[in-house]
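Student: I have a model open and want to go through it with you. Can we start with how the strands pair?

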Amino acid sequence: MLKVFVYGTLKKGYGNNGRLRNATFVEEAIIPGIKLYYSWDRGGFPVAQKEETSRVKGEIWDISGKYQEETLRGLDALEGNGYMYNREEIQDGLWTYIGHPRNWRFNEMTECPVIEGNYQWDR
């Protein structure tokens, strides 16, 4: 089983959720070890960075099945895998996209809001 954790425009109700049309929504989740920032200079979407003491609220989607490779290629293309973001396994069998440090200046970005102790992106 291959699952992805999404925290921004891929969530239900947002513009890129259609890329998960062949996936199955599993649940909302809070994932530790990630912090979210706004990328105002590149369109205002969220960018994750690993940080042990933070946690993020988002969604888990199961992309395994007949269209797994197609869905994964589409997600990688959207996220600029290897350039803008790196797809990383954050828990056993659970992947997400972490902002590639050479392309983001986290110290110059605005942190996403913390609601009930969790970073969240809701626009």
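Tutor: Strand 2 and strand 3 run antiparallel and are joined by 14 bridges. Keep in mind that this is a predicted model.

Student: Which residue stands opposite Lys35 there?

Tutor: Gln49, in strand 3, is opposite Lys35.

Student: What about strand 2 and strand 6, how many bridges?

Tutor: Two bridges, with strand 2 and strand 6 paired in the antiparallel sense. Strand 6 covers residues 110–111. Thr110 in strand 6 stands opposite Tyr38.

Student: OK, the core. Which residues touch the most other members of the largest nonpolar core?

Tutor: Phe5, Tyr7, Leu20 and Leu36 do, out of 34 residues in the largest nonpolar core. Two or more residues each come from strand 1 (3–6), strand 2 (24–39), strand 3 (45–62), helix 1 (68–79) and strand 5 (94–99).

Student: And which element gives the most?

Tutor: Strand 2, with six residues. As background, nonpolar side chains in soluble globular proteins tend to be buried together.

Student: Back to Tyr7. What is it in contact with, leaving aside neighbours within four places in sequence?

Tutor: The contacts of Tyr7 include Leu36, Pro46, Val47, Ala48 and Val56. Tyr85, Thr96, Tyr97 and Trp121 are also among them.

Student: Then Leu75. Is that one buried or exposed, and why?

Tutor: Leu75 counts as buried because its relative accessibility is 0%, and the cut-off for buried is under 20%. Leu75 lies in helix 1. Not counting residues up to four places away in sequence, Leu75 touches Val4, Leu10, Arg19, Leu20 and Tyr97.

Student: How many residues apart in sequence are Leu75 and Leu10?

Tutor: They are 65 residues apart in sequence, and 9.1 Å apart in space from C-alpha to C-alpha.

Student: How does the lining divide into nonpolar, polar and charged?

Tutor: Ten residues of the lining are nonpolar, four are polar and one is charged.

Student: And which elements supply at least two residues of that lining?

Tutor: Strand 1, strand 3, helix 1 and strand 5 each do.

Student: Now the loops. Where does Arg21 lie?

Tutor: Arg21 is in the loop between strand 1 and strand 2. Arg21 is exposed, because its relative accessible area is 61% and the cut-off for exposed is over 50%. In space, Arg21 and Thr71 are 8.5 Å apart, C-alpha to C-alpha, while in sequence they are 50 residues apart.

Student: Last one: what phi does Glu116 have?

Tutor: Glu116 has a positive phi of about 55°, although it is not a glycine. Most residues other than glycine have a negative phi.

Student: Where is Glu116, and is it buried or exposed?

Tutor: Glu116 lies in the loop between strand 7 (114–115) and strand 8 (118–119). With a relative accessibility of 73%, Glu116 counts as exposed.

Conventions: Residues numbered from 1 in each chain as written. Predicted model: local features only at pLDDT ≥ 70, side-chain atom pairs only at ≥ 80, totals over all residues. Heavy atoms only, no water. Core = buried A, V, L, I, M, F, W, Y, C linked by side-chain atoms within 4.5 Å. Buried < 20%, exposed > 50% of the residue type's maximum accessible area, 1.4 Å probe, protein only. Helix = DSSP H or I, 4+ residues; strand = E, 2+ residues; numbered from the N terminus. Contact = heavy atoms within 4.5 Å. Nonpolar A, V, L, I, M, F, W, Y, C, P; charged D, E, K, R; others polar. Pairing = 2+ DSSP bridges.
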